[in-house]
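Reader: Please show me the model. I would like each label set against its definition.

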Amino acid sequence: MYFCCLQAIQNVIRHASNAASVVALSLDGDEIAFEIRDEGTGFDVATTPRGMGLQIVQDRVDALEGTLEVTSEPGRGTRIAVRLPVHELEPAR
């Protein structure tokens with residue numbers, strides 16, 4: 001989760017000119033959710049291919065059996081939202 005947030009913030013620095021951004025974290029039942037919103041230039045999600053940064057986040061989210069949602073519009077900033085299931089740890093033997 002930490003590295004997903006870090007990658008998303010690095011994307012803000014690289015692609016949104018280090019625009020003002022917010023990181024929000026919440027626990028909702030058996031899921032932990034976080035999102036990173038920025039006030040950058042945004043982009044058209046439908047026509048812009050995902051770069052390496054978003055692919056890294058997607059790969060990490062997939063490995064944790066979560067979901068990733070990217071919403072953005074030119075001139076309106078970007079929102080990266082991740083939901084991950086919370087699993088109970090098994091006790092050490």
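Author: Glu35 forms a salt bridge with Arg37, with the closest N and O atoms 2.3 Å apart. This is a predicted model, in which local features need pLDDT of at least 70 and side-chain atom pairs 80 or more, while totals for chains, interfaces and linings use all residues. Residues are numbered from 1 along each chain as its sequence is written, and side-chain values use heavy atoms, leaving out hydrogens and water.

Reader: Why is the contact of Glu35 with Arg37 called a salt bridge?

Author: The term needs a side-chain nitrogen of Lys or Arg within 4 Å of a carboxyl oxygen of Asp or Glu. Glu35 and Arg37 have their closest N and O atoms 2.3 Å apart, so the pair qualifies. By this rule the count comes to five salt bridges.

Reader: What makes Glu35 buried or exposed?

Author: Buried means under 20% relative accessible area, exposed over 50%, and partly exposed in between (1.4 Å probe, protein chains only). Glu35 has 17%, so the residue is buried.

Reader: Which parts does the salt bridge of Glu35 and Arg79 tie together?

Author: Their side chains meet at 3.0 Å, N to O. Glu35 lies in strand 2 (residues 31-38) and Arg79 in strand 4, so the pair ties together parts 44 residues apart in sequence. Strands here are DSSP runs of E, at least two residues; helices are runs of H or I, at least four; both are numbered from the N terminus. Arg79 is partly exposed because its relative accessibility is 26%.

Reader: How do you know that Glu69 and Arg79 form a salt bridge?

Author: Their N to O distance is 3.6 Å, which passes the cut-off. Glu69 lies in strand 3 and Arg79 in strand 4, so this pair links parts 10 residues apart in sequence. Glu69 counts as partly exposed, at 41%. Salt bridges that share partners join Glu35, Arg37, Glu69 and Arg79 into one network.

Reader: Turn to helix 2. Which of its residues are buried?

Author: Gly53, Leu54, Val57, Gln58 and Val61 are buried in helix 2. They cover an arc of only 135 degrees around the axis, which puts them on the same side of helix 2. The arc is taken from the directions from the helix axis to the C-beta atoms.

Reader: What do the buried residues of helix 2 pack against?

Author: They pack against helix 1, strand 3 (67-72) and strand 4 (78-85). Contact means heavy atoms within 4.5 Å. The face turned away from the buried side of helix 2 carries the exposed residues Met52 and Ala63.
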